[in-house]
Amino acid sequence: MIQDIDVKAMKKNAFRVSKERGMTASRVRVPGGLVSAKSMARIVEIAEEYGRGEIFLTNRQGVEIPGIHMEDMPKVNEKLQAIIEDTKINQEDTSQGYLASGTRNVVACPGKRLCPFGCYDTTAFAQRMDHEIFPNNRHVKVAFTGCSNDCAHVALNDFGIIGMTEPQYDPNRCIGCGQCVDWCQRRSVSALRLEKGKVVRDEDRCIGCGVCVVYCPTRAWTRSPEHYFRVKIMGRTGKQNPRLAQDWLRWVDEDSIVKIVKNTYAFIEEYIDPNAPEGKEHIGYIVDRVGFDEFCEWALKDVELPEKCQRATRVYWDTKRYDRDNNLR
């Protein structure tokens, strides 16, 4: 049977183009990688009723249901509605499934809900960010990780948010055992030293990882009540110029990050290549083309960075440009 399918509309509706004629896969959005057992059961139902009984877990913590006949997409959208409501995805039209697919699923490591190294609730921040930026068809990738271990591989994203803490030291609880100094040296950046039986922290060297808090046996070190973040920008995969994101902001606050990411969408609309395939272009390519200073002007519009925040006035990316030279040296 020959089907007249609007491929652009299908992909926008979060259905994949399949190499198998007449078949597709539904892409279920799971901000922060957290989904209820009830919604997962519904995903299983869809896979068994309309797919081939399989579920694929994506690299970005979403779920794909393969083996769906294209003519069943409206029925699948109906089934997805309860999942969309459960995961609190923004949706103006409750009869059409997902309204966009360009802005990728927001990734998060387990954060402090599970991990002793997590400096903040990564899932909550990821869900907040998703609510602020989705639906949108522009190709944007955001990822959150709880500490400098970067288990979420945020350096491969347009915006990578790394949790930081400003360690709080109580000398009255410190017994001078040196555990924090030892572990900071072994697992972090050697920002601590012992002087006359007490610990001194090098504020310039400290990256706010919280290793001292985790390994202190007397709770002389605790995390700051304020949440701070390090923001890495413009990492990407791809065929031409893959590269790792680089540090732009340190000791920045949550509200500023949300504003910056939202402002970046306006920057994309202004400067995106009109010939970009399917209207998708990595932000980094746009920054490379129009200039880092112009990006900063747009991204920081109406943003008041906290006094403690450190900002790189220039960011340099180490990039292998395969569109120019594919020789190894």
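Domain bounds here come from an automatic or database domain assignment, and on that basis the chain is divided into domain 1 (7-86), domain 2 (107-163 + 227-311) and domain 3 (168-222). The C-alpha centres of domain 1 and domain 3 lie 47 Å apart. This is a predicted model, in which local features need pLDDT of at least 70 and side-chain atom pairs count only at pLDDT 80 or more, while totals for chains, interfaces and linings use all residues. Residues are numbered from 1 along each chain as its sequence is written, and side-chain values use heavy atoms, with hydrogens and water left out.

**Sheet and packed helix**

- An open sheet of four strands runs in the order E1-E2-E4-E3 with antiparallel pairing, where strands (E, at least two residues) and helices (H or I, at least four) are DSSP runs numbered from the N terminus, and two strands pair if DSSP finds at least two bridges between them.
- Its edge strands, each pairing on one side only, are E1 (15-17) and E3 (56-57).
- Three bridges join E1 to strand E2 (residues 23-28) in the antiparallel sense, and phenylalanine 15 has serine 26 in E2 as its bridge partner.
- Helix H3 (residues 73-86) packs on the sheet and touches E1, E2 and strand E4 (63-69), contact meaning heavy atoms within 4.5 Å.

**Aromatic pairs**

- Rings of Phe, Tyr and Trp (its six-membered ring) pair if their centres lie within 6.5 Å, with planes under 30 degrees apart counted as stacked, over 60 as edge-to-face and the rest as tilted; by this rule there are 14 aromatic pairs.
- The phenylalanine 125 and phenylalanine 144 pair is tilted, because the ring centres are 4.6 Å apart and the planes stand at 45°.
- Phenylalanine 125 belongs to helix H4 (residues 122-133) and phenylalanine 144 to strand E6 (residues 142-145), so this pair ties together parts 19 residues apart in sequence.
- Phenylalanine 125 is buried at a relative accessible area of 2% and phenylalanine 144 is buried at 0%, where buried means under 20%, exposed over 50% and partly exposed in between (1.4 Å probe, protein chains only).
- Phenylalanine 292 and phenylalanine 295, both buried, also form a tilted pair, since their ring centres are 6.3 Å apart and their planes at 40°.
- Ring pairs link Trp248, Phe267, Tyr271, Phe292, Phe295, Trp298 and Trp317 into a cluster.

**Charges over rings**

- A charge sits over a ring if NZ of Lys or CZ of Arg is within 6 Å of the ring centre and within 35 degrees of the ring normal; the charged end of arginine 243 is placed in this way over tryptophan 317, 4.3 Å from the ring centre.
- The charged end of lysine 308 sits over the ring of tryptophan 251, at 4.6 Å from its centre.

Note on methods: Axes fitted to C-alpha atoms, helices over the stretch in contact; angles between N-to-C directions.
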